[in-house]
Amino acid sequence: NNNNNNNNVNNNNNKNNNNDNTSNSNDNNNNNKTKNRRAAKTRRTRKTTTRRRREKLEREAEEDELFRDGGWQPRRLRVQANVTRVAGTGRPGWRDGHAAYAAAFNAPMGIAVGPDGSLYIADGANHRIRRLRRGFVTTVAGSGPCIDFSRNRVPTGQPRQDGWALEARFDWPTDVAVDPKGNVYIADSHHHAIRKLTPGGVVTTIAGGTKGLADGHGSRARFSLPYALDYLPDEDGPGPGSLLITDKHNARVAALSLAGPSYEVSTVHLRGLPGMPLPHSVAVDRHGAVGPSSLSLAIGTESPYSVCVAPMERAEGGRLVVDGSESQTVIGAADIISMDGLVEEHRVRQGAHEGPSGGGGNVIEYNLERLDRNGDVKLFAPYALASDPRRRLLLLADTRNNRVVAVFKGKGGKLRAQSVAGGNSLCGYADGIGSLARFSYPQGICVDVQSGALFLSDTVSNRIRRLELGPC
């Protein structure tokens, strides 16, 4: 009996072991099936993600290619800038030499690229014109005086003087422009004059020299703080071209014909557009990048802080006319920052009145659109503009926001904007990509058409920066 009982117990144990083994194998099979399902799902998800990512990249590449070929208008720009320093030690002063390790500036303002690739800089507080070429900075015009470090002030009011370049005298040159022959034109703001520096090293005053408001030839013309310049070539062949000038305190844009020796100055007729409030910067769009026509004028105003784009045409006698009644767009919202730090955002509405050009204006309500994907691109003192024909962009130095903004045509022809470097209104100095870069009140920007590079004068940090645009 005992043996039989033991055999029964053993049989039961064997059955239990077999059941346990069966259940374990079933659990293992179920676990393996679950793992296999999860692995298959993960593989499918990865394949789908990879495929979607590849399709997105191919679509963006195709869209960008179409955008470059002019067949498509993007909803937003997929670029950001890599910012590096090319000249200036950061310490204010006047010193020529190696661009990165020795050269010193003092409030560099407007900049322009010459036909040989040289970069010309209006060194405002040094009252000189500097040139950056092949990694070295030299003074090409102006004899100071420089900042008085003992009294920590910048001397002004020095008399105007023409002659050999290094003997000439300027008073706060704010902008430069270069024609195809290498002549440099200078906005000598506090002398209320436009000066010319020839490749032979001679400085002459070609227009203005006395504060006032008047059209005319040469010294008969009058300016009141001419601030920004842009060169406009002739349409019919290789002529001398003309200059567009923002006559800031006269609230006008003037055209200076470079067909010497008369150098005639005429006010650009703003047809259907009220007088511009304190125009600060100017750029000519000759390739339909942002304007409604192949020849458009962009004007950055100081009050309100905005950029206006309007078609421009040549009337009888070659006079330039800007038709504001046909198409008028303002980039960005108008921000007024009071002393207590409160921000008041409002729409600007101007009534008809007589502007400095003599033409009346219709009531225009500026179109303030949401432009940036993170909110509104609210400009705060756009003190410099430049047209990039290769990428069909308008570049803005948004000075008091310490950033660079790119404006482009979106779908439907609407102008849109995106910050490509700097931002957050942080003042400082830092190289980097996109929002990692820091600027200090940049007041000059230009495009090297040959290389496609952008140059920026970082005014308060006394440096010249280079921006390379690339995909986000």
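Predicted model: local features only at pLDDT ≥ 70, side-chain atom pairs only at ≥ 80, totals over all residues.

**Working through the model**

Mentor: Let us begin with Arg130, which is placed in strand E5 (residues 128-133); strands, marked E, are DSSP runs of at least two residues, helices, H or I, are runs of at least four, and both are numbered from the N terminus. Residue numbers start from 1 along each chain as its sequence is written.

Trainee: Is Arg130 buried or exposed?

Mentor: Arg130 is buried, as its relative accessible area is 0%. Buried means under 20% relative accessible area, exposed means over 50%, and partly exposed lies in between, with a 1.4 Å probe and protein chains only.

Trainee: Which side chains does the side chain of Arg130 make polar contacts with?

Mentor: The side chain of Arg130 has a polar contact of 2.7 Å with that of Asp123, and another of 3.3 Å with the side chain of Thr139. A polar contact is a pair of N or O atoms within 3.5 Å; within protein, one atom must be able to donate a hydrogen and the other to accept it, and residues adjacent in sequence count only if both atoms are side-chain atoms.

Trainee: What share of the contacts links residues 24 or more positions apart?

Mentor: Among contacts with a separation of 6 or more, such pairs account for 50%. A contact here means heavy atoms within 4.5 Å.

Trainee: Now backbone angles. What is the phi of Arg134?

Mentor: Arg134 has a positive phi of about 55 degrees, although it is not a glycine. Arg134 sits in the loop between E5 and strand E6 (136-141), and its relative accessibility of 80% makes it exposed.

Trainee: What about Leu225: buried or exposed?

Mentor: Leu225 is buried, at a relative accessible area of 12%. Its phi is also positive, near 65 degrees, in a residue other than glycine. Leu225 belongs to the loop between strand E12 (216-217) and strand E13 (226-232).

Trainee: Changing topic, how much space lies in the largest pocket?

Mentor: The largest pocket holds about 870 Å³ of space. Of the 40 residues lining this pocket, Val113, Val178, Asp230, Arg286 and Val447 are the closest to its centre. The elements giving two or more residues to the lining are strand E3 (108-113), strand E8 (173-178), E13, strand E18 (279-285), strand E28 (382-388) and strand E33 (442-447).

Trainee: How is a pocket defined?

Mentor: On a 1 Å grid over the protein atoms alone, a pocket is an open set of points where a 1.4 Å probe fits, with protein on both sides within 12 Å along at least five of seven lines; lining residues have an atom within 4 Å of a point. Points are joined across faces, edges and corners, and the volume is the space filled by probe spheres set on them.

Trainee: Where is Gly209, and what does it touch?

Mentor: Gly209 lies in the loop between strand E11 (202-208) and E12, and it is partly exposed at 22% relative accessible area. Not counting residues up to four places away in sequence, Gly209 touches Arg160, His191, His192 and Ala193.

Trainee: And Ser461? Where does it lie?

Mentor: Ser461 is in the loop between strand E34 (454-458) and strand E35 (463-471). Ser461 is buried, with a relative accessible area of 8%. Leaving aside neighbours within four places in sequence, it is in contact with Gly90 and Ser440.

Trainee: Finally, how far apart are the C-alpha atoms of Leu393 and Phe408?

Mentor: They are separated by 5.2 Å, the two residues being 15 residues apart along the chain. Leu393 is in strand E29 (residues 393-398) and is buried at 2% relative accessibility.

Technical notes
Heavy atoms only, no water.
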